[in-house]
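Please look through the sequence and the fold before reading on.

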Amino acid sequence: MPPTTPTAGAAPSRRRSWLTLLLLLVLCYAVAAAGAVATGDAGSTYAALDKPAWAPPGWLFGPVWTVLYGMIAVAGWLVARHPGPGRRPALVAWGVQLALNALWTPLFFAAEQYGAAFLDICLLLAAVVATALLSARVDRRAAWLLAPYLLWVGYAAALNLALWLAN
């Protein structure tokens with residue numbers, strides 16, 4: 001029998017890992033695309049709102065979310081590739097936060113339900129905190145990748161509240 005090397009069987013595992021990353025990237029960017037399709041002309045809607053002085057320009061959202069969705073996917077991938085007892089709860093939280101994320105855009109822009117969107121973004125904020133804490137138990141890098149997302153969602157929650165109260 002030939003001796004086994006440490007890399008024997010590594011190729012299928014490595015390939016599966018990269019496929020998982022690709023799947024998570026597709027899933028995150030599908031959420032972004034679905035939100036864009038569901039909202040129609042979100043830029044016009046945002047421009048027409050009575051906004052606080054600290055509201056960002058509309059053009060900023062696309063680049064920020066493009067980067068954040070990539071970071072969310074990589075964070076999920078870092079957790080998914082580590083076997084262990086903490087992986088499952090972290091991935092469940094990851095899925096919950098992505099679902100809440102997907103719900104916010106149609107609530108805010110398509111339905112113009114600013115109060116319901118605020119409730120959703122508050123739940124999203126809690127879900128991102130839970131995801132980061134649970135992910136940190138599996139891979140601290142995943143939690144750090146979620147930190148900018150957490151900050152942006154916190155800022156977006158404050159903006160959502162201000163827009164709801166002003167409009």
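A residue is called buried when its relative accessible area is under 20%, exposed when it is over 50%, and partly exposed in between, using a 1.4 Å probe and protein chains only. By that criterion, buried residues make up 40% of the 167 residues in the chain. The model is a predicted one, in which local features need pLDDT of at least 70 and side-chain atom pairs count only at pLDDT 80 or more, while totals for chains, interfaces and linings use all residues. Residues are numbered from 1 along each chain as its sequence is written, and side-chain values use heavy atoms, with hydrogens and water left out.

The chain contains six helices and zero strands, where helices (H or I, at least four residues) and strands (E, at least two) are DSSP runs numbered from the N terminus. Read from that terminus, the order of elements is therefore α-α-α-α-α-α. The C-alpha trace spans about 75 × 25 × 25 Å along its principal axes. If contact is taken to mean heavy atoms within 4.5 Å, then among contacts between residues at least 6 apart in sequence, 78% join residues at least 24 apart.

Phenylalanine 108 is in contact with Leu49, Gln113, Tyr114, Ala117, Asn160 and Leu163, when its neighbours within four places in sequence are left aside.

Helix α3 deserves a separate look. Of its 20 residues, 14 are buried, so α3 is largely enclosed by the rest of the structure. The expected span of a helix is 1.5 Å times one less than its number of residues; for the 20 residues of α3 this gives 28 Å, and the end C-alpha atoms are 28 Å apart, which agrees. Within α3, alanine 73 is buried, because its relative accessible area is 0%. Alanine 73 touches Leu21, Leu24, Leu25, Cys28 and Trp94, not counting residues up to four places away in sequence. The C-alpha atoms of alanine 73 and cysteine 28 are separated by 6.3 Å, although these residues are 45 apart along the chain.

How do α3 and α6 meet? Their axes come within 8 Å and cross at roughly 140°, where axes are lines fitted to C-alpha atoms, for helices over the stretch in contact, and angles run from 0 to 180 degrees between N-to-C directions. The contact involves, among others, Phe61, Trp65, Leu68 and Ile72 of α3 and Leu145, Tyr149, Trp152 and Leu159 of α6. By class, the contact of α3 with α6 has 18 nonpolar, no polar and one charged residues, with Ala, Val, Leu, Ile, Met, Phe, Trp, Tyr, Cys and Pro counted as nonpolar, Asp, Glu, Lys and Arg as charged, and the others, Gly among them, as polar.

Helix α4 has 24 residues, which should span 34 Å at 1.5 Å a residue, and its end C-alpha atoms are 35 Å apart, which agrees. Its buried residues include Trp94, Trp104, Phe108 and Phe109. Alanine 110, also in α4, counts as partly exposed because its relative accessibility is 45%. Alanine 110 touches Ala38, Thr39 and Thr105, not counting residues up to four places away in sequence, and its C-alpha atom is 29 Å from that of leucine 91, 19 residues away in sequence.

After α4 comes glutamate 112, placed in the loop between α4 and α5. Glutamate 112 has a positive phi of about 50° although it is not a glycine. Most residues other than glycine have a negative phi. At 44% relative accessibility, glutamate 112 counts as partly exposed.

Finally, leucine 19 lies in helix α1 and is exposed, with a relative accessible area of 52%.
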